[in-house]
Amino acid sequence: MAFLKKFFGQKSDQQSSLYKTNLNEIYNKSPFQKKQITSTIQDQKKLEQFELVLEQQIIDLEALKKLTWRGIPNEYRAKVWKLIVKYIPPNHMSQTTILLKKRQDYQQYIKNYYEHMNEQERDENERKIIKIIQNDVLRTQPDYKLFRDPRIQEMFKRLLFIWNMRHPMSGYVQGINDVASPLIVVFLNEYVPIDFNSFDVPSNFDKLPEEILIDIEADIYWCLCKIIENIQDYFTANQPGVQEAYVKIRELIKILDYPLYQYFEDQQIDLNHFAFRWVLCLLIREFPLSLTIRLLDTYLAEGDEMANLHVYTVTNLILKCAPEIKSKNMSEAVIFLQNLPTKEWTEVQLEMLLQEAFVFQDHFEKTKGHLKLNQGNTNRSSIL
């Protein structure tokens, strides 16, 4: 099954020191110590798998995506994200040239759109957008000190304004700031070590040269462009992509949990009451930042199918909440859905959410012609 290959991949024939661990040493440890050793071995194996792919002269992007689907080690995430969104090419010989050209282009955008005029010289619409962006930057990832740092906030404001100026068909839309926030952490981590639990300002961040920070900003900008390409209709006029996602989510709930669907109908609960933010912001606001970064590993690995998997993931999240939802009245249910208890989730729970969503996607995308016939007669357990 493609599902099994997605998660387990192919075993490498390369011998590794991690397989030479003395079993007696492991089995004489406490359960907690055994868990730590197992985790260390798994982490080392994952590192070696990524190294094998990334060391190729021309990187096999499909192999890299399979590994990425299951999560990327922090050490390699920035480079892997740049590769799988096609910001840099898989050929090592071309990467430096392309990266330099893109960063130079972005520096020119700063001069053309941001530095060439002061606030008084901007038109009313530009001043209005800057004000909206500035307010959104202040509200982004409020739980983490890194996002309160003045240099980070200025960088963030500038790249979002340049996004607005370079994309006149959609312009800046609230929610793009949320999508950009994990990129800031991941690409900054290439130059200064980030604590992926606290996301505090690194102790040596103030020593980071401004030209390096501009390079980081350029990488964030270009990768954000690539990501938004896959969900562009979430941000254009009337946001048709969000409305299409709603239609599909309703259809899936009706098939997978008809009592929940009927509850929403009876209570007149519309997806717009709670799911707009979920869909538009790729669930980034619903989980701790460390988990949203892990979530993006899988989403980015999906490439053009990212929006599709996202719909199934949102659906699965609603289904997981079904018992709690159905025990409440309309206002209680909406309040619950607007403030999900997902801030305490673990990476294991997130990965289960994604794996189940993939199974649903794999099942329904192959049986589209039978969806209406099966409405109300299908349940989650029969698929999973």
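Contact here means heavy atoms within 4.5 Å. Helices (H or I, at least four residues) and strands (E, at least two) are DSSP runs, numbered from the N terminus. The model is predicted: local features need pLDDT of at least 70, side-chain atom pairs count only at pLDDT 80 or more, and totals for chains, interfaces and linings use all residues. Residues are numbered from 1 along each chain as its sequence is written, and side-chain values use heavy atoms, with hydrogens and water left out.

Start with the whole chain. Its secondary structure comes to 19 helices and zero strands. Of the 384 residues, 49% are buried, a word that stands for under 20% relative accessible area (1.4 Å probe, protein chains only). Now take the contacts between residues at least 6 apart in sequence: 74% of them join residues at least 24 apart.

Next, look at a helix pair. Helix α7 covers residues 124–139, and helix α8 covers residues 150–166. They pack at an angle of about 135°, with their axes 9 Å apart. Therefore α7 is oblique to α8. Oblique is what remains once angles under 35 degrees (roughly parallel), over 145 (roughly antiparallel) and 65 to 115 (roughly perpendicular) are set aside. The axes are lines fitted to C-alpha atoms, for helices over the stretch in contact, and angles run from 0 to 180 degrees between N-to-C directions.

Which residues meet here? From α7 come Glu-126, Ile-129, Ile-130, Ile-133, Gln-134, Val-137 and Leu-138. On the α8 side they meet Gln-153, Phe-156, Lys-157, Leu-160, Phe-161, Asn-164 and Met-165. By class, this contact has nine nonpolar, three polar and two charged residues. Ala, Val, Leu, Ile, Met, Phe, Trp, Tyr, Cys and Pro count as nonpolar, Asp, Glu, Lys and Arg as charged, and the others, Gly among them, as polar.

Two single residues follow. Find Thr-298 in helix α14 (residues 289–301). Thr-298 is buried, with a relative accessible area of 0%. Leaving out residues up to four places away in sequence, Thr-298 touches Thr-68, Trp-69, Leu-309 and Leu-354.

Then go to helix α17 (residues 330–338), which holds Phe-336. Phe-336 has a relative accessible area of 15%, so this residue is buried. Glu-324 is twelve residues from Phe-336 in sequence and 8.6 Å away in space, C-alpha to C-alpha.

How values were computed
Buried means under 20% relative accessible area, exposed over 50%, partly exposed in between (1.4 Å probe, protein chains only).
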